[in-house]
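Subject: Structure for you to look at

Hello,

Please find the sequence and the structure below. My notes on what I found follow them.

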Amino acid sequence: MLEYKQIIEGCIRGNRSAQDALYKKFSSLLFGICLRYAGNRMEAQDVLQEVFVKIYNNIGSYNNEGSFEGWLRRIAVNTSITNYRKNLKHAYQKDVDDLMRTNEEPASYEDLEYTAEEMMSCIERMPAGYKTIFNLYVIEGFMHKEISEMLNIDVNTSKSQLSRAKNYLQRELKNIATVKIIEHV
Amino acid sequence: MSEDRFFQQVKATMADYSPEVPESVYVGIRKKLWWSNFTRLSVTRFNIWYLAILITGAAAAISVSQAADSAETENAVQLQTSADASGGVMAVTESAPSEEPAASGVQPEEQTSANNTVDPMPAKNHAVAQTDLTAQETESPNQPKQASATEELSESVNQNPQTVQPSESKTASKKGLKVKTYNSGDK
C-alpha cells in the first residue's frame, strides 16, 4: 500500500518513473478489461491508451478512500462504455446480423472447466451489445437498472440482452467442449 | 445448472484475466500524454497556446513588413513616373549633387592654401609653418605676393599673441598640420 502511495504521489507530480511503474503494474489487468468490451485487439489497445492518459491526467482526483485498483477498473470500464457508445451504430448492425443465430434454443451447458483464454475467445466473438451488458452484469456486478441508465436503454432490454448473451456464450463453450472431447478421444 | 453458478464461474475465470500488452501501446500512451499536456492551458509550460501566440505574432510581423515594403515600392514607382512626366528636369536636379564633390574636390587644396595665407596660427606651429612657407616661397616663385602676405600676417600674430582666440588656434593648428603634410608631400 505504501508503494501505491509513492506511485500515486509521483504520478500527481508528473514523475515519469512513477507513471512507468503504474503502467507496468496495471497495464495487463486493464488491457483484459478493455479486451472484454472492445470488438478486437486493436480497438482494445486504443481504448487502453485512452484509459492510461485519463488515469495520468486525473490521478489527483483519487481521494485514497476506496480501492485504488477499483478506481482504475472503473476508469477502464467507463472508457470502454464511451467507446461502445461511439461505435453504437456499427455495433447495432452487427447485433442484427447475429440475431438469427442467438435466437436459437438455449444450448445445454456442460459443467466443464474452461480457461480464461477460451472464455475470452468466446466473449470476443459476442455481438457488442450482448458483450457490454454481459460484462457489466456478470463481471462488474452492476444491476439492470444501473446498466439501463449507463447505456440509456430500457431495463427489459438489458435483461433480454443478458439472456441472449448467456445463451450465446453457453453455446460457444459447448462447441469448445465438443472439440476438447474429440481431441481427447 | 443454475444461472448464478454459470455467472459465478465466468466471473471467477475472467475477473483477473491479464493478457500481455503489446509494446506499441506504451509508445502510443506517451504520445497521447504529450499531446494532452501540450494542448492543455498552462502558464508554466510551453504549450499550443504559446505556439499560437508566436505564430500569430510572426504572421503579423511578416504582413506589416510586407506592407511597408510594398508602400516603399509604390513611392519609388510614383517618384519615377513623376520624374518621367516632368521631362528630365528631375534628372538634372538629381545629378547636380553628384557633380558637387568633383568641383569641391578641387577647392580644398585652394582653400587650404588660401587659409594658410590668411588664418592666424598658434605660436608653437608658427615657426614650422613659417619655414615651410619660406621653402614654398623659394620653390614656387610664381606666388611671391601670397608668401609675403603670409609673412606679414604671421609677424603681426607674433607681435600681438593675445589676439588669437583658443578656438581659432585649434582650427589653425589643424590647418597648420595640413600645410605641413602638403609640403612634405611636395618634397
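I begin with a pair of helices in chain A: α4(A) and α7(A) cross in a left-handed way. A crossing is left-handed if the near helix is turned anticlockwise from the far one by less than a right angle, and right-handed if clockwise. Helices (H or I, at least four residues) and strands (E, at least two) are DSSP runs, numbered from the N terminus.

Before going further, note that this is a predicted model, in which local features need pLDDT of at least 70 and side-chain atom pairs count only at pLDDT 80 or more, while totals for chains, interfaces and linings use all residues. Residues are numbered from 1 along each chain as its sequence is written, chains are lettered from A and ligands numbered from 1 in the order in which they are written, and side-chain values use heavy atoms, with hydrogens and water left out.

Back to the helix pair. Two packed helices are described by the angle between their axes and the distance between the axes. Axes are lines fitted to C-alpha atoms, for helices over the stretch in contact, and angles run from 0 to 180 degrees between N-to-C directions. The axes of α4 (residues 68-86) and α7 (residues 128-139) of chain A cross at roughly 160° and come within 11 Å. That makes α4(A) roughly antiparallel to α7(A); angles under 35 degrees count as roughly parallel, over 145 as roughly antiparallel, 65 to 115 as roughly perpendicular and the rest as oblique.

Which residues of α4(A) and α7(A) meet? Val77(A), Ile81(A) and Tyr84(A) come from α4(A), and Ala128(A), Gly129(A), Thr132(A) and Leu136(A) from α7(A). Contact means heavy atoms within 4.5 Å. By class, the contact of α4(A) with α7(A) has five nonpolar, two polar and no charged residues (Ala, Val, Leu, Ile, Met, Phe, Trp, Tyr, Cys and Pro count as nonpolar, Asp, Glu, Lys and Arg as charged, and the others, Gly among them, as polar).

Chain A as a whole has nine helices and zero strands. Of its 185 residues, 49% are buried (under 20% relative accessible area; exposed is over 50%, partly exposed in between, with a 1.4 Å probe and protein chains only).

Asn64(A) lies in the loop between α3 (41-58) and α4 and is partly exposed, at 45% relative accessible area. Asn152(A) sits in the loop between α8 (144-151) and α9 (155-184) and counts as exposed, at 71%.

Chain B has seven helices and zero strands, and 19% of its 187 residues count as buried. The axes of α2 (residues 23-39) and α3 (residues 48-85) of chain B come within 6 Å and cross at roughly 60°, and the two helices are therefore oblique to each other. Their contact is made by Trp35(B), Phe38(B) and Thr39(B) of α2(B) and Ile48(B), Trp49(B) and Leu51(B) of α3(B).

Last, confidence. The mean pLDDT (the predictor's confidence in each residue, from 0 to 100) of chain B is 67, and 44% of its residues reach 70 or more. Over residues 98-120 of chain B, pLDDT stays under 50. Where pLDDT is low, the predicted coordinates should not be read in detail. For the complex, the predictor gives an ipTM of 0.78 and a pTM of 0.60.

Regards
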